[in-house]
Amino acid sequence: MTDTESPRTPLPVIELDDVRKTYRTGALEVEALRGVNLRIHEGEYIAIMGPSGSGKSTLMHILGCLDVPTAGNYHLAGEDVGRMSEEDLAQIRNRRIGFVFQQFNLLPTLSAWRNVELPLCYAGVGRAERRTRAISALEKVGLRDRIAHRPNELSGGQQQRVAVARALVTDPALILADEPTGNLDSVSTQDVLGLFGELHASGRTIVLITHEPEVAAAAGRVVRIRDGNVQDDTGSDPRTSTDPRTSTDPRAGGASTTLTWEAHQ
Ligand SMILES: Nc1ncnc2c1ncn2[C@@H]1O[C@H](COP(=O)(O)OP(=O)(O)OP(=O)(O)O)[C@@H](O)[C@H]1O
Ligand SMILES: [Mg+2]
């Protein structure tokens with residue numbers, strides 16, 4: 001944030017400066033990211049689109065501190081990720097970021113609530129509180145009556161809702177989702193989008209990768225990646241967003257954004 005901005009200006013929670021990622025596999029080098037500059041403000045809801053192999057998941061892994069850039073800087077909530085210890089990074093991944101993946105990544109032998117409580121186990125939360133919070137998260141995604149079901153006893157859409165519950169159980173400020181609706185039918189897609197809409201309305205920052213235009217349309221901003229670079233960005237500041245679903249009050253932060261389609265849930 002610069003000195004001239006008002007205190008009501010949403011903070012850039014994510015700042016990428018000339019971020020590059022080169023993968024080396026034997027003698028082969030792949031430049032997956034080639035100098036990405038990106039600012040994401042607190043409370044924004046962003047869709048990342050782009051062809052297969054363009055670097056979207058690589059970017060998501062870096063945003064989520066699951067991988068580090070080969071070059072360039074990443075500041076998360078003002079802190080230089082490149083200078084953080086592995087321990088700090090693990091804490092951030094566990095407490096401040098919620099991940100949702102296309103393949104759900106649920107543990108098959110555990111019930112829904114056991115899957116959801118896992119991030120709380122890693123965070124050292126006590127047993128009784130873990131159970132209460134896991135069940136409450138499952139309630140939020142409409143699965144109160146499925147808490148004891150294992151993943152293979154749930155539909156794809158229900159499994160993804162369990163994964164969303166797992167992502168939100170730690171109450172993270174940032175939700176990163178890599179093609180969360182890629183394996184879902186249109187009804188389940190709407191369910192999951194409804195959940196993201198609610199999370200956004202409650203102040204979370206959401207970054208979602210998708211190939212589907214109707215999924216991207218739910219976000220207030222679309223960033224297109226091509227060949228490891230940002231090719232197009234519909235708006236880098238929520239205050240200038242023209243999305244009719246977002247508040248037009250220039251003083252309003254992302255957290256106070258209201259979404260009309262929230263009512264569809
Ligand atoms: N672990 C890895 N080791 C080597 N190369 C990799 C690795 N991960 C990704 N790549 C390469 O980096 C490039 C970007 O991959 P990435 O997974 O980020 O693409 P993507 O945009 O997510 O594609 P998709 O839409 O198919 O998921 C690709 O050319 C890929 O082959
Ligand atoms: Mg990908």
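The model is predicted: local features need pLDDT of at least 70, side-chain atom pairs count only at pLDDT 80 or more, and totals for chains, interfaces and linings use all residues. Residues are numbered from 1 along each chain as its sequence is written, while chains are lettered from A and ligands numbered from 1 in the order in which they are written.

**Exercise 1.** Find which element gives the largest share of the shell around ligand 1.

*Solution.* Start with the residues around ligand 1, among them Tyr23, Val30, Lys56 and Thr58; a residue is near if its C-beta atom, placed from the backbone, lies within 6 Å. Next, assign elements, which are DSSP runs numbered from the N terminus: helices (H or I, at least four residues) and strands (E, at least two). At least two shell residues come from each of β1 (12-25), β2 (28-41) and α1 (56-63). The largest share, 3 residues, belongs to α1.

**Exercise 2.** Work out the strand order of the open sheet and name its edges.

*Solution.* Strands pair if DSSP finds at least two bridges between them. The 4 strands follow the order β2-β1-β4-β5, with antiparallel pairing. β2 and β5 (79-80) are the edges, each having a single partner strand, so one side of each lacks a neighbour in the sheet. For detail, β1 and β2 are joined by 11 bridges, and Lys21 has Leu33 in β2 as its bridge partner.

**Exercise 3.** List the residues by which α3 and α5 make their contact.

*Solution.* Take residues whose C-beta atoms, placed from the backbone, lie within 7 Å.

Notes
Contact = placed C-beta atoms within 7 Å.
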